[in-house]
Number of protein chains: 2
Amino acid sequence: MLEASRRWRSAGRSIGLVPTMGALHAGHLSLVDAARRENEIVVVSIFVNPIQFGPNEDFERYPRDPERDAVLLGEAGVDAIYEPPIAAMYPPGASTRVRVGGVAEPLEGKARPGHFEGVATVVTKLFAAVQPDRAYFGQKDAQQVAVVKRLVRDLDLGVGVRVGETVREPDGVALSSRNVYLDPAERRAAAGISAGLLQAASAYAAGERRLDVLRELIRARLAAEPLVQLEYAELVDPDTFSAPGTLAVIAARVGKTRLIDNLDLSKPAPG
Amino acid sequence: MLEASRRWRSAGRSIGLVPTMGALHAGHLSLVDAARRENEIVVVSIFVNPIQFGPNEDFERYPRDPERDAVLLGEAGVDAIYEPPIAAMYPPGASTRVRVGGVAEPLEGKARPGHFEGVATVVTKLFAAVQPDRAYFGQKDAQQVAVVKRLVRDLDLGVGVRVGETVREPDGVALSSRNVYLDPAERRAAAGISAGLLQAASAYAAGERRLDVLRELIRARLAAEPLVQLEYAELVDPDTFSAPGTLAVIAARVGKTRLIDNLDLSKPAPG
């Protein structure tokens, strides 16, 4: 990969990278489209990164479909798929980790110890191998976006971090590779998450500025879904992920499936 | 710096980096010569990296002489000096650290908590900014060499790590910017460190293979110097820094000055 990247760069060609864990959906493909518009070369990495999963998380059963992914990316006209084997990424003796403080600590950082260290480490490796001018991440993983931006600034990586809007199903559910885990009843209940966010956004648009009131609106909406166990619903600053702020972030379990979503209440509501 | 590096790379020119903390001596200049022979562009970084010093270490008084350094590097024909201000390297909010496990833990890692995390972080940043094909480090800091090699492999940095032999004074003392701290009596006593290493190397050359005997030779030689307080003398593997091995490593205080040195007993003794 590095050889190819250096050849492209020495030929003066710009490179866009879309890092993914595969099991691609329309959210990923919208990032590929954005990369296509801004770069001469588009690379998509597919790597289900074991070190960003906790011991009791879903690494083993995370959906994988490399053949379908390859077809979709072929149709999207990407120049290269970077799909390193785990043994090449973490060979015996590998012992280096990249840790982001501050923004990586609350919320997802607290709920998933080691998660963002795994993300920061693999992103640093992918950037080193692909040498992108720009990299594309989905707003659905809002805290990951903030962590990667911090990482790029702190390590002088010189990569432009581009953020694609969350792509949603018609009922508002944010696209996620993990949605395949949901049974039909859970899938219906999951719509309560985005519905709660939209209720808060409507209240904000109508002038409500009390953060505790806005947060309560979200919590009340989710309390109406017996299949949904709220883990957190907070209003934070989108860069630091500390309160107060206008970014509403949610993590919840729907059955056994953990889902996250977010919406910046200060921006016009989508749809 | 990154803009200049990308311009060089897109023109197909190879880049060699010599990372230093300034206060240059003949050891640094031998690395610059090596870089000159192997690369079209030579960059020397000068940065006294605060985060690799402990709270009770010598960051404040570490010798600095940027004007003399610039003259020496001009004479050596380097293409660029990269001398970032501290506030640019660690601006408010910076919170990312690179941590190497394993090889960074014993000996210097134990004696100087946080030291190698500071080294790994700044080296990652310097490599990102300078984009070198090769980087040059001195064997005097043997564990640092092993940590940087591990870092480069683990993060896929694609930089060739080149190691220059330790340059010594006529009496054997390894060149170090910290030697200026020594008063004349301490300077004489410091020669006991390399003398101990050479005694062990002679014994090894004569067939002695018992590591405890070789280690005792070093310790006895240093016990003969009242101004020298030995911190450790061990025989380790040069890649993992765990025992057993043929790399003799020493840390000692000479008066208030902490010095390190090393010699691979399995290689023909210098001189």
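Below is a short exchange on a predicted two-chain model.

Residues are numbered from 1 along each chain as written, and chains are lettered from A in the order written. Because this is a predicted model, local features need pLDDT of at least 70 and side-chain atom pairs pLDDT 80 or more, while totals for chains, interfaces and linings use all residues.

Colleague: Which element supplies the largest share of the side of chain A that touches chain B?
Modeller: Contact means C-beta atoms, placed from the backbone, within 7 Å. The contact takes 25 residues from chain A and 25 residues from chain B. Strands are DSSP runs of E, at least two residues, numbered from the N terminus. The largest share, five residues, comes from S4(A).

Colleague: Which residue stands opposite A:Thr96?
Modeller: Strands pair if DSSP finds at least two bridges between them. Five bridges join S4(A) to S4(B), and the two run antiparallel. Opposite A:Thr96 stands B:Val100.

Colleague: Is A:Gly164 buried or exposed?
Modeller: A:Gly164 lies in strand S6 of chain A. The cut-offs, on C-beta atoms placed from the backbone, are 20 or more others within 10 Å for buried, 12 or fewer for exposed, and partly exposed in between. A:Gly164 has 21 within 10 Å, so it is buried.

Methods
Helix = DSSP H or I, 4+ residues; strand = E, 2+ residues; numbered from the N terminus. Contact = placed C-beta atoms within 7 Å.
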